[in-house]
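Visitor: Could you walk me through how this chain is put together?
Guide: Gladly; let us look at it together.

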Amino acid sequence: EVTREKFVAEILKEGQGKSIYRDAYAQVARETMVELAQVVGERVREVSSGKTVVGLMSSHPEEHAIEYRDWNGILYGLSDVPADRLNLPTYSQISPMSYGWLFNKVVTQVRARIPNETWILPELENSEHGPQSKSAKNTAFMIESTLPVIPHGCTLNMYDYGNGIIPQWRLGEECQKLKPYMQAFMDLNIDFQDMDGVYIPFNDESIKTLHPTNYFNALDHLKPDDAFFSAYLSSLGVAYKYVGNFDKVKGKIIAISGQWLRNFDATYIRRLFRNNAIILNADSLDVLVEMGLGNLAGVESCAFDIPRDGDVRYELAVDDVYGIPGYRKNARKALLVQYKEKAKLRVYSKLYNAYHQEMGYGTVKSGNVLIIPHKGEYRVQRHIDIMQQSIMFRFLKDITDVVKPVQVQEYCVSPYYYANAKTLVLVNFCDDEWYKLNLTIPEDLCFSSVRYLKRNGQWADCKFTRQGENVQVNAHLGGTKTLVLQFLES
């Protein structure tokens, strides 16, 4: 017999991953949810002759990962036509940068986890705050920002205790303006799975393998942080793509965070590192070293710096950052890494204490691996920094024999590139506006003209210059707006 207290304690046991208790919890949670979805779906089919679609409202995927959620099983259990109301993760108006960070960790990840044929109806909601908790323009921006997940529509839940919408708030007016633009984009019939860029891993099995952390409370100890780099890279202007299966992946860039590596054995991990370029943050490198595989990144050992309250740490760039020498940023609680003597290093930054004493290397290219000595953070976009962007762009330029992602230099502009359609969606998660966009495009992308989608749903040509992989496009991208570009051949 196992008591409830012992069962929970074994699930959350510090330093322990896979166990019979974790397996039992995960399997029962998954089966219970799927069985309930099937019961609901069967009853609805009986009374509606199969004409009613029952969808799912989904929230933060890290929360759902604790349930060991079977996305396919639940969605198809509810309805023959899967439908999902992807949560746009803010009930009241927050800074566009914070919203962008969450959008890339939540909305695009859920889209990647559900069946590709799902009917996508993102959720615009204000909870109990009242419709005025967001401005009309912010409401419209949130709808417009869903273009990267290829939405079929949008569900509006403007909760206000039945008081109705006040016309003076102009919510309907602002949203109505979007229809020609968004419909013209949907008429391109872009496939979400066509998205390309740096590969961001996700794995349903992480709930079974990760070691509990002290980031959260109760079962939240089991939240994975596999998706950190989707928010990080996107905020720096680097295109990405969520990927769930890496069995045949070769010649790509893979950005690994959290404890994702625990899902695989040493042979599998060695093949990944041998055949691809890898980006690691502090959490994932710590796991790699713990697994005895630090040599794959040229690392001997590592340990987190634990400064006293009030102690200052900073990271200093080795090279100029956009013409600024000696650029530095905060670096508290960084991972201090000891590299192997023969490791082939390209040092991009160094770590210092308050007395300007060097503590070790900061961000480093070790062979085909980029090591970023900072932990993943869920809600804090403090990683958005021109130094980190400059270093990331240098690394992407330095590595060879891999497929390079589309990049955009302008601050807080997130790129989403659909390769087969040669279409680039830019979302400006910032109030600033841009009149020229500086892009890095793979040199093997052939095009002779560039067109952009106007707000009235019509296409127009725009001027551009190209020197190798560097492309400058003369097009206006307003603050908290999107821009759709297509690269065409004659």
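Guide: Angles under 35 degrees count as roughly parallel, over 145 as roughly antiparallel, 65 to 115 as roughly perpendicular and the rest as oblique. This is a predicted model, where local features need pLDDT of at least 70, side-chain atom pairs count only at pLDDT 80 or more, and totals for chains, interfaces and linings use all residues. Residues are numbered from 1 along each chain as its sequence is written, and side-chain values use heavy atoms, with hydrogens and water left out.

Visitor: How are α10 and α13 oriented to each other?
Guide: Helices (H or I, at least four residues) and strands (E, at least two) are DSSP runs, numbered from the N terminus. Axes are lines fitted to C-alpha atoms, for helices over the stretch in contact, and angles run from 0 to 180 degrees between N-to-C directions. Helix α10 (residues 228–236) packs against helix α13 (residues 386–398) at about 95 degrees, with the axes 9 Å apart. The two helices α10 and α13 are therefore roughly perpendicular.

Visitor: Which residues of α13 make the contact with α10?
Guide: Contact means heavy atoms within 4.5 Å. From α10 come Tyr232, Leu233 and Leu236, and from α13 come Gln388, Gln389, Met392 and Phe393.

Visitor: In which sense do β1 and β2 pair?
Guide: Two strands pair if DSSP finds at least two bridges between them. Strand β1 (residues 56–58) and strand β2 (residues 83–86) have 3 bridges, and their sense is parallel.

Visitor: Which residue in β3 is the bridge partner of Asp84?
Guide: Strand β3 (residues 119–120) runs parallel to β2, joined by 2 bridges. Within β3, the partner of Asp84 is Ile120.
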